[in-house]
Amino acid sequence: PKYLLQARYSAAGIQGLVSDSASGRQAGVQAAVKALGGKVEPFYYAFGDDDAGTILELPNNTAAAALGLSISGSGAVRARTTPLLSVEEMDQALG
């Protein structure tokens, strides 16, 4: 399954980003996702309502929930996780 993860940094999270670098934070997300048996597809920083976003492939909803809780539980980031459906899955739902 694939998931869209969107994140907004807290003030402490922005301070950590400045100290650790954008690539350092990306590496941290990749390590956390890999530990859950998943992989990070594209990873982007943004401005607006969200500060970062990525597409993740994870084994299941439990792993996605664990990642979201871990990230948001740090207090540095508020994360939103959205399950994604492929075109084929949507066609099956329509059938």
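Predicted model: local features only at pLDDT ≥ 70, side-chain atom pairs only at ≥ 80, totals over all residues.

Student: Helix first. Which residues of α1 are buried?

Tutor: In α1, which covers residues 11-20, the buried ones are G13, G16 and L17. Looking down the helix axis, they fall within an arc of 105°, so they line one face of α1.

Student: Why would residues spaced like that point the same way?

Tutor: An α-helix has 3.6 residues a turn, so residues three or four places apart point the same way.

Student: And what do the buried residues of α1 pack against?

Tutor: Their packing partners are β1 (2-9), α2 (22-35) and β2.

Student: Which residues are exposed on the other side of α1?

Tutor: A11, A12, Q15, V18 and S19 are exposed there.

Student: OK, strands now. How many bridges pair β1 with β3, and in which sense?

Tutor: Six bridges, and the pairing of β1 and β3 is antiparallel. β1 is also joined to β4, residues 77-84, by eight bridges, and those two strands run antiparallel as well.

Student: Switching to charges. How many salt bridges are there?

Tutor: The count comes to four. One of them joins the side chains of E57 and K2, at 3.2 Å from N to O. That pair links distant parts of the chain, with E57 in strand β3 and K2 in strand β1, 55 residues apart.

Student: Which residues are linked with K2 in a network of salt bridges?

Tutor: E41 and E57 are; together with K2 they form the network.

Student: What about R25, who does it pair with?

Tutor: R25 forms a salt bridge with D20, and their closest N and O atoms are 3.4 Å apart. R25 is partly exposed at 24% relative accessible area, and D20 is partly exposed at 37%.

Student: And D50? Which side chain does it meet in a salt bridge?

Tutor: The side chain of R80, at 3.2 Å from N to O. D50 lies in the loop between β2 and β3 while R80 is in strand β4, so the pair ties together parts that are 30 residues apart in sequence.

Student: Is D50 buried or exposed?

Tutor: D50 counts as buried, at 13% relative accessibility.

Student: Last one: where does F47 sit?

Tutor: F47 is in the loop between β2 (39-45) and β3 (52-57).

Student: Buried or exposed, for F47?

Tutor: Exposed, with a relative accessible area of 82%.

Student: How far is F47 from R8, C-alpha to C-alpha?

Tutor: Their C-alpha atoms are separated by 9.4 Å, and F47 and R8 are 39 residues apart along the chain.

Student: Great, that covers my list. Thanks!

Conventions:
Residues numbered from 1 in each chain as written. Heavy atoms only, no water. Helix = DSSP H or I, 4+ residues; strand = E, 2+ residues; numbered from the N terminus. Buried < 20%, exposed > 50% of the residue type's maximum accessible area, 1.4 Å probe, protein only. Arc of directions from axis to C-beta. Contact = heavy atoms within 4.5 Å. Pairing = 2+ DSSP bridges.
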